[in-house]
Amino acid sequence: MNAAAREAETLEQALARLDTLTAALERVSDEKAREAARELLALLLDLHGRAFERLSAIISASGDGPALFEQIVESRDIAAVLLLHGLHPQSVEERLQKVIARMRPQWNARGLHVDLISAGTAFAIVQLKRNGRAEPTQQLRLEIESALTDAAPDLDDILIEMDMTETYAETAA
Amino acid sequence: MERIQSGNWASRLRRFLTVAEEEHCDFCSKAIDSRHSHLIERATRKFFCACPQCALLLGAGDRYAALHARTHMLRDFDLSDAEWRGFRIPIDLAFVFRSTAARGPVAIYPGPAGVTESQFSVDAWSQLVAANPALADLHPDVEALLINRMNGAREYYLVSIDRCYALIGLIRKHWRGLSGGAEVWEAVRDYLQGLRDGVWMEDAIHG
């Protein structure tokens with residue numbers, strides 16, 4: 001990829017490519033090459049991680065630290081890197097609640113109700129309730145999942161628990 | 001509840017980076033480096049991964065022995081064709097090691113059943129060691145004498161036992177019919193070439 005193309009790439013595209021390339025590296029059968037890639041990545045991330053940790057400490061220590069942090073994480077580019085290093089000032093729970101609150105009006109209008117049940121370090125569980133309007137289940141799941149995943153790419157998994165009553169009614173009808 | 005796999009780039013990248021740390025010592029469960037030591041249980045010939053402390057603590061005991069990865073080509077090895085025939089090994093490829101469990105030398109060689117293992121005459125072993133002093137410091141259970149006399153070759157190596165088991169595995173995997181088939185001998189040739197290359201590298205490292 002040339003410099004101009006890289007410049008035009010959006011954050012989403014870059015992250016999707018990162019995901020694809022990581023998956024490709026996982027499949028490299030040459031153990032030496034895979035280990036070298038792994039070590040190089042780990043070292044590079046470690047160097048950045050150290051710098052960001054120092055930076056975070058300096059910001060936190062300054063007078064209006066928290067406000068400054070709020071402002072900084074508004075930048076999606078910075079937020080992505082902080083997430084990767086586990087330095088995002090908001091917890092997984094806060095981030096997911098924020099997305100749910102933002103999406104609520106739109107989801108409610110479609111007869112959907114999403115609740116965060118629990119959020120841990122590896123995965124989160126959300127509950128989806130539906131009333132009335134029937135939408136394809138799989139598509140709904142994907143939509144909710146991707147909205148939440150964007151805010152918490154550091155989770156292994158987001159589990160969507162469904163209130164099945166409506167689905168049964170759907171099948172019976 | 002249904003589980004959906006989500007493409008979480010940050011978690012995936014982190015997992016990729018920590019895979020190497022997921023190996024653990026079989027004795028104390030501590031996380032270990034991908035290049036860790038191995039112990040062999042003398043009685044069962046089972047391999048275990050070990051952290052440096054456990055390898056040091058258990059590695060020279062009665063129950064376990066630590067593997068030392070080394071491959072030495074034994075030059076000017078003294079073994080006449082008549083002596084070799086006296087060993088009654090039906091094939092020109094074998095390895096011999098001192099086994100604690102068998103209380104003496106054991107020979108292993110490829111055969112129709114995959115591999116054949118037999119007691120090796122104690123007297124013959126003593127004569128071999130007398131003629132080739134390099135064999136005297138062969139560690140029981142973990143090191144072997146590898147003999148290759150195939151197609152007129154006269155090659156002798158001192159190899160760590162895991163290399164021998166690798167050869168057994170190779171033969172089991174590729175052996176076909178009574179004589180093994182072309183595929184198995186090709187695999188064995190590659191293996192031996194790898195051994196020679198390994199020796200070459202070792203020589204280069206030590207000048």
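**View 1. Overview of the two chains and their secondary structure.**
In this predicted model, chain A holds 8 helices and 3 strands, while chain B holds 6 helices and 11 strands. Read from the N terminus, the elements of chain A follow the order α-α-α-α-α-α-β-β-α-β-α. Of the 173 residues in chain A, 35% are buried, and for the 207 residues of chain B the buried share is 44%. Among the contacts of chain A that have a sequence separation of 6 or more, 51% are between residues 24 or more positions apart; in chain B, 52% of the contacts between residues at least 6 apart in sequence join residues at least 24 apart.

**View 2. Packing of helices α2 and α5 in chain A.**
Two packed helices are described by the angle between their axes and the distance between the axes. Helix α2 (residues 11-26) and helix α5 (residues 76-84) of chain A pack at about 25°, and their axes lie 11 Å apart. Because angles under 35 degrees count as roughly parallel, α2(A) and α5(A) are described as roughly parallel to each other. Their crossing is right-handed. On the α2(A) side the residues that meet the partner helix are A:Leu11, A:Glu12 and A:Leu15, and on the α5(A) side they are A:Arg76, A:Asp77 and A:Ala80.

**View 3. The open three-stranded sheet of chain B.**
This open sheet of chain B has 3 strands in the order β4-β3-β5, with antiparallel pairing. Strands β4 (46-50) and β5 (64-66) of chain B stand at the edges, and each has a single partner strand, so one side of each is left without a neighbour in the sheet. From one strand to the next, the twist averages 35°. Strand β3 (residues 37-41) of chain B pairs with β5(B) in the antiparallel sense over 3 bridges, and in this part of the sheet B:Ile40 has B:Ala65 of β5(B) as its bridge partner.

**View 4. Strand β11 of chain B and its two partners.**
In strand β11 (residues 155-160) of chain B, 6 of the 6 residues are buried, so the strand is largely enclosed by the rest of the structure. In a regular strand the side chains alternate between the two faces of the sheet. Both faces of β11(B) are covered, with B:Glu155, B:Tyr157 and B:Val159 buried on one side and B:Tyr156, B:Leu158 and B:Ser160 buried on the other. Strand β6 (residues 71-73) of chain B runs antiparallel to β11(B) and is joined to it by 3 bridges, with B:His72 standing opposite B:Leu158. Strand β10 (residues 143-148) of chain B also runs antiparallel to β11(B), here through 6 bridges, and B:Ala144 stands opposite B:Val159. The hairpin of β10(B) and β11(B) has 6 residues between the strands, and in this hairpin B:Asn151 takes a positive phi near 50°.

**View 5. Two cysteines of chain B without a disulfide.**
A disulfide is a covalent bond between the sulfur atoms of two cysteines. A search of the whole structure finds 0 disulfides over all chains. B:Cys25 is in no disulfide, and the nearest cysteine sulfur, that of B:Cys28, is 3.7 Å away. Since a disulfide is assigned to cysteine sulfur atoms within 2.5 Å, the 3.7 Å between the sulfur of B:Cys28 and that of B:Cys25 is too far for a bond. B:Cys25 is buried, with a relative accessible area of 3%, whereas B:Cys28 counts as partly exposed at 36% relative accessibility.

**View 6. Surroundings of B:His174.**
B:His174 is found in helix α5 (residues 161-174) of chain B and counts as buried at 15% relative accessibility. Leaving aside neighbours within four places in sequence, B:His174 is in contact with B:Gly180, B:Glu183, B:Val184 and B:Ala187. The C-alpha atoms of B:His174 and B:Trp185 are 8.5 Å apart in space, and the two residues are 11 apart in sequence.

**View 7. B:Ser11 and its contacts with chain A.**
B:Ser11 has its place in helix α1 (residues 9-18) of chain B and is buried, with a relative accessible area of 3%. Once neighbours within four places in sequence are set aside, B:Ser11 is in contact with A:Pro153, A:Asp154, A:Leu155 and A:Asp156.

Key: Residues numbered from 1 in each chain as written. Chains lettered and ligands numbered in written order. Predicted model: local features only at pLDDT ≥ 70, side-chain atom pairs only at ≥ 80, totals over all residues. Heavy atoms only, no water. Pairing = 2+ DSSP bridges. Helix = DSSP H or I, 4+ residues; strand = E, 2+ residues; numbered from the N terminus. Axes fitted to C-alpha atoms, helices over the stretch in contact; angles between N-to-C directions. Buried < 20%, exposed > 50% of the residue type's maximum accessible area, 1.4 Å probe, protein only. Parallel < 35°, antiparallel > 145°, perpendicular 65-115°, else oblique. Left-handed = near helix turned anticlockwise from the far one by under 90°. Contact = heavy atoms within 4.5 Å.
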